[in-house]
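Subject: A structure to look through

Dear colleague,

Here is the structure I promised to pass on to you. Please open it beside this message, and then read on for what was found in it.

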Amino acid sequence: MSIDYADALSRHSETVLADEQAFADMWLQQVAPLSSRVTQAVHGGLLADRLAWVFVAGYQCALRHTFAQLPADSMAAFAVSEDRKGEPPLPGVTATVLNGETKVSGYKTWVACCATLSHLVIKSDRGDKANYYCLERSSHGLTLTPKYGAFLAEMSQGVAELNAVTVATPLDASQVSHFGLRETLYIYMAFCAWAGKFSESAEPCEALIHRLAQLVEQPPKDEAGLAELKSVDEAVQVLRGTIPATAAANYEQDQRLIAMYSPGIQRREPQ
């Protein structure tokens, strides 16, 4: 791992970041230029003053690990979710080709950082027709509507409406299947960095960060790797339980961010 966490923790000074734009600005200025995704996740976690920003820090790293074509100096989101419960449901995103141009139309119903993102990765269609595209926020025909919920309440979680948005060459999607695990591992990394601010010693958090970094670079492919993943998850959940409820705004509610990934990890089986 290319960071001395104990040293970074000792030099950290707490800053209150009460809204998404404040964290986005700090992330772009202080984190985006860093040389590795592990370093970005750790420093993003140290800069966070609540779990909403811990999520953003890890999420941004997972996006860049999965979609290398994303601009380094951007806040991005990966929009996959579509409406299944509406009466009638909002149409999902599909692509059409007209006069040599590909245009996408439809809705995505969960867009993280909707209020501050500069780039949006969307999936169009399904199966053999599926493609992934990167859209700039200013794209003609793209409308982003921020919403806020009770969970990670400070982070916008909105809806994207696409009305014949022109798209360029599809993104390389060869890494998409790894996004889910990477998102978990990078968020855990940012969380461990953040949690160190409330621990008597930096050593347990630093050790977990090292183990998480190894897993993100060498995903588990056998029994031993899977056992390590489950062991790290268990240790992260123990760490979660040591954080005082007063550590951050909405901590008791938002700690679900860390708890919710554990059941899926513990159910994983060798491929």
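Pro 270 counts as partly exposed, since its relative accessibility is 41%, and in this model, which is a predicted one, Pro 270 belongs to the segment that follows helix H10. If residues up to four places away in sequence are left out, Pro 270 touches Glu 223 and Leu 226.

Is Ser 262 buried or exposed? With a relative accessibility of 13%, Ser 262 counts as buried, and, apart from neighbours within four places in sequence, Ser 262 is in contact with Tyr 188, Asp 233 and Gln 237.

Next come the cysteines. A disulfide is a covalent bond that joins the sulfur atoms of two cysteines. The count of disulfides here comes to 0, where the rule asks for two cysteine sulfur atoms within 2.5 Å. For Cys 113, the closest cysteine sulfur is that of Cys 114, and because the distance is 9.2 Å, it is too far for a bond. For Cys 134, the closest cysteine sulfur belongs to Cys 113, and at 15 Å this pair is also too far for a bond. Cys 113 is buried, with a relative accessible area of 1%, whereas Cys 134 is partly exposed, with a value of 30%.

Finally, here is the chain as a whole. Its secondary structure consists of 10 helices and 7 strands. Along the principal axes, the C-alpha atoms fill a box of roughly 60 × 45 × 40 Å. Of the 271 residues, 50% count as buried, and the accessible surface comes to about 12700 Å², with 50% of it belonging to carbon and sulfur atoms.

Among contacts with a separation of 6 or more, 70% are made by residues 24 or more positions apart. As for charge, the chain carries 22 positive and 31 negative side chains, and the centres of these two sets lie 6 Å apart.

Methods: Residues are numbered from 1 along each chain as its sequence is written. This is a predicted model: local features need pLDDT of at least 70, side-chain atom pairs count only at pLDDT 80 or more; totals for chains, interfaces and linings use all residues. Side-chain values use heavy atoms; hydrogens and water are left out. Helices (H or I, at least four residues) and strands (E, at least two) are DSSP runs, numbered from the N terminus. Buried means under 20% relative accessible area, exposed over 50%, partly exposed in between (1.4 Å probe, protein chains only). Contact means heavy atoms within 4.5 Å. Accessible areas come from the Shrake-Rupley method with a 1.4 Å probe; for residues, only the protein chains shown count as cover. Lys and Arg count as positive and Asp and Glu as negative; His and the chain ends are not counted. The place of a charge is taken as NZ of Lys, CZ of Arg, CG of Asp or CD of Glu.
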